Amino acid sequence: MNTKMANKNYFPGIGKTVIVVLLHPGLFFRGIRCICTILNKFFLFQFRSALFPRIPVSRVDHILDEHIPFNPRFVGIYLDFTAFWIRIAGFFSIGYGKTGRKLAANFITSVTNLYIFAFQIYRKNLSTTARPLYKKGFHFKLIHLVDPHLMCVPSLHVMLMVHSYTVFRNCIQKLGEEETLHMLAEKVFKGAMAIIEAVLYVKQHSVNCIAAALYAMCRFDPELFSSADAEHIVYSLFDTGGSGDIPPEYVRYYCEPFVDPQDIIKIREQILTLYRHFTETNSADWTIPILEYLKTMPLNN
């Protein structure tokens, strides 16, 4: 292993990762497939659906969303979600040679499959939430420009963060890096949780979207992500800001208002209740519980 990475928790930037991907066909072609899948099954499909409505769009807001203050300062953390998983791919592909590049290639493929997996819901029933028409600054203008906000349940932002963390944890274990396992996995976990919190603070998702995402991840790869993992994430929600234990790269974005401690308890309970509702159906087809839930929500007119 690259000792620089082991000793300093070094995660390469996107630039270095892209160079490695371009230089290795095994990574390059998987990367291209991933980009094409994201463009087609997330961005283009949303715009087609917005311009030519033919799929029902359900509103999935919850009353508790109103207890999460809109905080535009978190937009920088929110927009880091793509770079977050790319840095993890770079960590392995740059730091572990041929073995690491194989792990990174498998990770990139799994991200592609994650988008395809979530698309099974979107192509049958879209969903949205009450997103503020806040367009101050470049970041929010970009969000409103490229995201029609029609793919809320399940939240791919949350799914990507959960998957990035669980894959990272699994890969470290495979490499036998037991001494650095806790330190590195905890670093990635805190970063993932910060982004999941940011998704709520900038009003890109409802608390209901998180419950659906956690259920989807249990069905996407149950060997990597268990119900215990899901509950751990729920009970860790809003601990990042509340405890002051903030990932260093995100410190500059954190500022009040935060969620009230009493509301945090209620939010966690709601997420767990809906998550357990999905899992307790024991449906052979994982999409059925979510699609049935979406049918119970009001349509977006």
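Reply: Rings of Phe, Tyr and Trp (its six-membered ring) pair if their centres lie within 6.5 Å, with planes under 30 degrees apart counted as stacked, over 60 as edge-to-face and the rest as tilted. This is a predicted model, where local features need pLDDT of at least 70 and side-chain atom pairs count only at pLDDT 80 or more, while totals for chains, interfaces and linings use all residues. Residues are numbered from 1 along each chain as its sequence is written, and side-chain values use heavy atoms, leaving out hydrogens and water.

Me: OK, which residues form one aromatic cluster?

Reply: Phe-117, Tyr-215, Phe-220, Phe-278, Trp-286 and Tyr-293.

Me: And how many aromatic pairs does the structure hold?

Reply: There are 28. In one of them, the ring centres of Trp-85 and Phe-107 are 5.9 Å apart and the planes sit at 90 degrees, so that pair is edge-to-face. Trp-85 is in helix H5 and Phe-107 in helix H6 (residues 97-122), so the pair ties together parts 22 residues apart in sequence. Helices here are DSSP runs of H or I, at least four residues, numbered from the N terminus.

Me: Switching to H5. How many of its residues are buried?

Reply: 13 of its 15, so mostly covered. H5 covers residues 81-95, and Gly-97, which follows H5, has a positive phi near 60 degrees.

Me: How do H5 and H8 pack?

Reply: H5 and helix H8 (residues 156-174) pack at about 15 degrees, axes 10 Å apart. Axes are lines fitted to C-alpha atoms over the stretch in contact, and angles run from 0 to 180 degrees between N-to-C directions. H5 and H8 are therefore roughly parallel (under 35 degrees; over 145 is roughly antiparallel, 65 to 115 roughly perpendicular, the rest oblique).

Me: Which residues meet there?

Reply: With contact meaning heavy atoms within 4.5 Å, the H5 side includes Phe-81, Trp-85 and Phe-92, and the H8 side includes His-157, Met-161 and Phe-168.

Note on methods
Helix = DSSP H or I, 4+ residues; strand = E, 2+ residues; numbered from the N terminus. Expected span 1.5 Å × (residues − 1). Buried < 20%, exposed > 50% of the residue type's maximum accessible area, 1.4 Å probe, protein only.
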